[in-house]
Amino acid sequence: MSTTTEDRPAPVAEKRSGGVTAAASNYLDERTSISAVVKEFGRKVFPDHWSFLLGEVALYSFVVILLSGTFLTFFFQASMVEVEYDGSYVPLKGVEMSAAMASSLDISFDIRGGLLMRQIHHWAALLFVAAIGLHMMRIFFTGAFRKPREINWVIGFVLFILAMAEGFTGYSLPDDLLSGNGLRIIDGMVKGIPLVGTWISFLLFGGEFPGTAIVGRLYTLHILLLPALVLLFIALHLVFVVVHKHTQFGGPGKTQQNVVGYPVMPVYAAKAGGFFFIVFGVIAFLASFFTINPIWNYGPYDPSPVSAGTQPDWYIGFADGALRLIPPHLEFVLLDRTWSFNIIIPLAALGLFIVLALIYPFIEAWITGDKREHHILDRPRNAATRTAIGAAGLTFYAGLWAAASSDIIATHFMVTMEGVIHTLQAVVIVGPFIAYFLTKRICLALQKKDREIVLHGYESGRIIRLPGGEYIEKHEPIDEYQRWKLVSYHDYKPLMIRPNSRGKISVGQKARASLSRWFFEDRIAPPSRGEIEASHGDH
Amino acid sequence: MAQDGQSTELTASGDHDEVETLSPGTAVVSSDAVRDPGLPPHRLRVTDTDPKKAKRAERVVYTLFYLSLAGSLFAVAAYMAFPIIPEDLLSVRLNNMFIGVGITLALLGIGIGAVHWGKALMHDHEAIDLRHPVRGTDETRARAVEIIQEANEESGFGRRSLIRNTLIGALVAFPLPAVVLFRGLAPEGEDPVELLENTAWEAGTRLARDPDGTPIRASDVTIGSVFHVIPEGLAEMEHMLEEKAKAIVLLMRLKPEDLNEEESKKDWSYNGIVAYSKVCTHVGCPVALYEQQTHHLLCPCHQSQFDVANHAAVIFGPAARPLPQLPIAVDDEGYLVAQSDFKEPVGPSFWERH
């Protein structure tokens, strides 16, 4: 499978009777055929780039979540039975609360290392979703979702949604004031769904909100159903990484037909294995020194008290923000039924946003019509329209996300609440367009700069005075390796539509042509050999 | 890039013709593209050239592993040395911190040590794997098609269409009972719409303070004050939290001339005292922030604002409807009481509400 670029001394022939290790290996192989696995994967090559670590962070924080979560299940009671708290935390002594809340407090205050495990679990969950988000951005902006990886993008996207569901169900388990309030918001949102909302809420909570069933039900989802799905999808995701082999950034010697990097054994085993411990270590550090989700400050759930300035965990922010940005009075009674557009609009907008991101690889593939496999990653600037679309999407998301903190922004910066909301409404609606145009222009400018450097060299900083008195800066040509990095990218031109055999142009073709024009009208072609040669002696 | 030198060589070897026949779509395929110069020469690390540096890197790696060992032992020792003393918050903090520091050290020691080993000492010559098209080879695909055709032939799946279609029908139908079973999630014999339309307030129920449940006299309510209110006797109710989630009320007293009351609701207030549901009509958070000067109520969750002087009309934010008003009066002993239940469902909107 793999060939090293340099001749290496042949390994010293191993002794036949190799002691315990050899005997054990032999024993194992005769029963499992494991030598085939070592042969197949032991020298599998992985390319190196810091951005490839983002997916690893996600995977490793999930392992940390599983480990710490398993510890927590031994102590947590997923029950809403009323008990009188009698633990170590004095301010809540004698307070009526659910067994879930009481056992969460016991984990925090009566079990040695329990608070640490709770905080590791929570910090790891926050990191998990964040790492998935960043990983998705890496995939998107480098075009790693192109053929043959479209399906793996969808699998990853499902994982992102599952991760948020895991986060929300976990956040709701301790049955503290904030988590109960979060559930109240979910209840209110669900009730706003036309036709089925009231009954879904009734079924979900086992009767009226809050009821005594929801914590137990969320627990089943949180520790059984959702983790099983996450594990299944992670397994699928990784199987496809093996099947497709990892993408790599363009560079000298890197082609669509090879993978240049380091073998799993030993270099990647050390680096990736070590990286797991680093991720775990950083989470443990956070959990040792930084409090997260201090439920003892909030107290048990009670529908009446309220704390101003409370926030959901960061990954739910965009949904909460979407609810906040809706203008007043968007609700009608029509045909004797209530249409809560203040709920329906944000739900539909978020749903559309998610679906568009989910199917983006298929849309782009349809526009380009490119059926080849793509294993070399794009530099974001070289896919200007895609990068600009990504920036627009991120601006939309960021605007919604910021809106989840509208009250805190208002109090912190001493501005009016109304002003913050109106500004963010503008950011969410107009911001994506501004981000789109800015990003596209910046990408094209960067492409022009690259082209300039390839054709005319880089600015050396050496100023020369010509005999005529004119000063010029000497440009030095770049070497062929650097040049290859700048010129090795795919360039697409807009689709020319031609009538089909019956002399007609179908609506689909027209749509594809206009999208293609939108994508590729502004394009900077990579310099060709001829151009580079022609430019020699230009200056 | 399919045109660069190296890959042309590879395709020439006959391995990848299938790939090359795939359409590039609107991609520009130039015959004059720059050629790949191939892998740049390998650069040696200091640890490759300087044995002293290599020795030092080795020392760093095993020292980190030693540190990790020490960290693990420290965490175990800290577990015992910093027990949690009941009712002593500091002991929890120290326990958390010292066990955590030990574990952090143990993990980072292994992690940084292993990565440093990999980067500084392990053989660092880049290796190359060749890729093959993801699709199976033509023979594999042909054989797969053949197998499926044979299976179809042998089973008659395509030919015996009635068998096939009834099987599909049966397979679609068989999960249905499982779906129906989930009806059991909610209690039977209860109608959510009916439940949502009623609260614990009845004619004559006294307004009591939240959370201690003591009734409120009209004379206790001074101008500008605000009370968090529950129905008297709430604590004894069977479904306390569910009832409380619907019945919570805010009681405020404004100057009567500030109140802008509709004619039909004039007798719902008493002497400038008004009572409104505390459950936001948006998604149900408690609307509990009262601004005395402007008579505005603010929901802390999504910042809907209600004007108490105008029957709690929505003046900002995502909510659509005013907060329902609880009609109040005063009983013989001077306590505030409800005239009746709310005249409309409280809380978030729902489909059947009209």
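Predicted model: local features only at pLDDT ≥ 70, side-chain atom pairs only at ≥ 80, totals over all residues.
Reader: Hi! Which residues of chain B does UniProt list under "transmembrane region"?

Author: The unreviewed UniProt entry lists residues 60-85, 97-117 and 167-186 of chain B. UniProt positions follow the numbering used here, feature names are shortened, and annotations may be inferred rather than shown by experiment. Residues are numbered from 1 along each chain as written, chains are lettered from A and ligands numbered from 1 in written order, and side-chain values use heavy atoms, without hydrogens and water.

Reader: Thanks! Helix or strand over residues 97-117 of chain B?

Author: That stretch is 100% helix and 0% strand, with its end C-alpha atoms 29 Å apart. Helices are DSSP runs of H or I with at least four residues, and strands are E runs of at least two, numbered from the N terminus.

Reader: And how far apart are the end C-alpha atoms of residues 60-85 of chain B?

Author: They are 39 Å apart, and the chain there is 85% helix and 0% strand.

Reader: Nice. How many helices and strands does chain B have?

Author: Ten helices and eleven strands.

Reader: Switching topic: what box do the C-alpha atoms of chain B fill?

Author: Roughly 100 × 75 × 50 Å, taken along the principal axes.

Reader: What share of chain B is buried?

Author: Buried residues make up 43% of the 354 in chain B, where buried means under 20% relative accessible area, exposed over 50% and partly exposed in between (1.4 Å probe, protein chains only).
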